[in-house]
Each structure stands twice: as structure tokens, then as C-alpha cells.
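Please work through each task before reading its solution.

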Amino acid sequence: MNTKAWRNFDFLLFLLTWLLIGYGLAMIFSATLPNSELVYRQAVYALLGLVLMLVITSIDYHILGNLALAGYLLAIVLLTVVLASGHIFYGSQRWLNIGLFPLQPSEPAKILLIIALAKFFADHEEEILRFRYVLLSLVLVVIPVSLTLAQPDLGTSIIFLAIWVGMAMMAGVRLKHWVILGLSVLLTAPLGWLMMHDYMRTRLLVFVNPYSDPLGAGYSIIQALTAVGSGGFLGRGFTSGTQSQLHFLRVQYSDFIFSVLAEELGFIGALVLFGLFLALLWRGVRAAALSRENFGRLIATGIVAMLLFQILVNVGMNMGLMPVTGVPLPFISYGGSSLITVMTGIGLLESIVMRHKKIEF
């Protein structure tokens, strides 16, 4: 390991990561009162994530290019195994018991897919101007999307596609190919609607009008909107939110933790969170800009796309601007697989930053 590379370690990115994790731990504490077990578990996941993040940081990310195919195949195997023998919670078969914690294979699959796509786009830098190679890159995404939809997990499937869109834009896919793909999506939308699971169609319908089923599918949206709206400018106070403390919100420590934050800490608390996220994303964009070659630039782009999309969807569904899809808020929502995955992504960003030439940005 080249110890000189650590001189370029991005301490601000590291600090922002831990500020967000600390923010998340505080909100999980409030959302799960009086039982603090989940807070301790999340803290343990954060320590595991720290170890993995430092290991990834210490590895030259160029080595991962040689392992991209193996990593991609591992992701497909894990997504297949979970369909065959995974545990079922809330009607979805998404988790494998690995002893330490229930692993959700679709989470590490995001990172493995990013590396595989970065390798593909970097190896076909010129050919990507041809539509055939655009379709080939899509095939890499369609397989994990199909396996994840079968669980069923609509939110993660869409995140896979969002990662591809971000990386394909960075790779230079031509505008006319985007138009062709967009028209294809529009033409096949009715077929996609028919192929959806019933719960997916229901979520889209209650997104348009949550009061069509106020005690069923629309319940969580209505309670989340009430929580966000009642927070006001300064909020009701930490651990003092009525929607969360009286358990009107479901899974308030995970999918709807932003509603807890908005109700208890108000507009100012949400603004602090957005500020931390914006600063973190900026450091991710900086990592992409610093990279001297496409492979590193594309990995950084994929990680930024993953984080940005998850933030937009989670906050959007808490505010009634997006359908409820079960997407966790990075660093904030409870969950070992999600937290360790995003920390692995930060480790990759650090590895890219540490191994660029000394060009100030």
C-alpha cells in the first residue's frame, strides 16, 4: 500500500459521513423510544462500515476493474439465492441471514453494479456512441432489475436504473439514443403497468390520491404529510413529535425517518440535513472531477447518482411528492445493509481522491 496516497485523504468527506451517521443515530433514538436496541445495532453497523470503508480506501480502485465481472456475477448469484431461500418480511423476500445481521443482497449489488458498469463504459469509451453498446450496457442493468422486481422491490429496481442513467450520461451516450430509449419506455408503459405487482399499482394510485384509501395504502402518506406539516420552522422538539412518539407513523425509524426529523426539528433541522447532503454530494462530484481516467470518474458518478436518487426519492415520498417505494434515506434510515453499502461507496470515493495527481479543484 502506498502510504503517500493518504496525504490526499479527503477528511471533509470523512467528517461529513460521520456527521450524517450521528444525525441518523439521534433520529433513530428518538423514533424508537423507549427501546434503544436499534440505536446500538445501528452503531455496530456503523463500526463495521468504518472497517470496510477504510479497507476499500486503502485499496487502489484500479484493481477493482479486474474483479468487475466476478463482482457482477456474485451480485447476480446473491440476488438469485435470496429469491430461492431468503427471509420474507412485509411480503417481500429480500434478506439472507448471515449471522451478524440480515443481509439485503440488493444493497451491495448497487456497488458491484457500479463497478461493472464503470468497467464496461471505460472499456468501450468510443463504441458507446453506437446504439448496440448502449443496449449491451442496459443488459447489465436489466438482469439485477428483473431479479429485484421479483422479490418484489420496486424502489431498489428503480435505483439500479437511476445509477445506469447517471453513468451513461457521464459515458457520453448520444442524445438521439436517449430519445429512442425514452420513446421506447413510453410505448411499453402500458405493458409495464400490466406486469406490475398489485401492491405496486396500489402505491402509484394512492400517490395521486392518498385519501382514496386513508386507512390502508394511503395511511402512511397521510401520516407522513401530517408530521412534516406540523413541524413548522423549529419543530416540536427532539423526542417530542406526536406522530412518531405516539406511533402514528409506521416504520418511522426507516422509510419515514425524515418525517420524524421534520416534525421534531422542523424546517431548520431539515435544512441542516440538506446542507450536509449537498456538501457530501459536492465532495463526490469533486472526486469524479479529480479522477484522471474514465474508470474512476464513472465509479464516482455512479455513487453520486445512487446517493442523490435515494435522497430525492426518500424525501419526496415523505413529502407526498413521490410514490412510497421503500427507499432508505442514506446514513439516516435504520438498516445494516444500507449503511454499510453507502459507507463502502464513500470508501471508493476516498480511494479515487487519494490516487489522483495533485490537481487542486
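**Exercise 1.** Determine in which helix Thr242 lies, and whether Thr242 counts as buried, partly exposed or exposed.

*Solution.* Thr242 belongs to helix α10 (residues 242–245), where helices are DSSP runs of H or I with at least four residues, numbered from the N terminus. The model is predicted, so local features need pLDDT of at least 70, side-chain atom pairs count only at pLDDT 80 or more, and totals for chains, interfaces and linings use all residues. Residues are numbered from 1 along each chain as its sequence is written, and side-chain values use heavy atoms, without hydrogens and water. The relative accessibility of Thr242 is 31%, so Thr242 is partly exposed (buried is under 20%, exposed over 50%, partly exposed in between, with a 1.4 Å probe and protein chains only).

**Exercise 2.** Classify the relative orientation of α3 and α5, and then that of α12 and α13.

*Solution.* Step one: the axes of α3 (residues 68–85) and α5 (residues 131–149) come within 9 Å and cross at roughly 20 degrees. Angles under 35 degrees count as roughly parallel, over 145 as roughly antiparallel, 65 to 115 as roughly perpendicular and the rest as oblique. Therefore α3 and α5 are roughly parallel.
Step two: for α12 (residues 294–318) and α13 (residues 336–354), the axes come within 10 Å and cross at roughly 150 degrees. Hence α12 and α13 are roughly antiparallel.

Conventions
Axes are lines fitted to C-alpha atoms, for helices over the stretch in contact, and angles run from 0 to 180 degrees between N-to-C directions. Helices (H or I, at least four residues) and strands (E, at least two) are DSSP runs, numbered from the N terminus.
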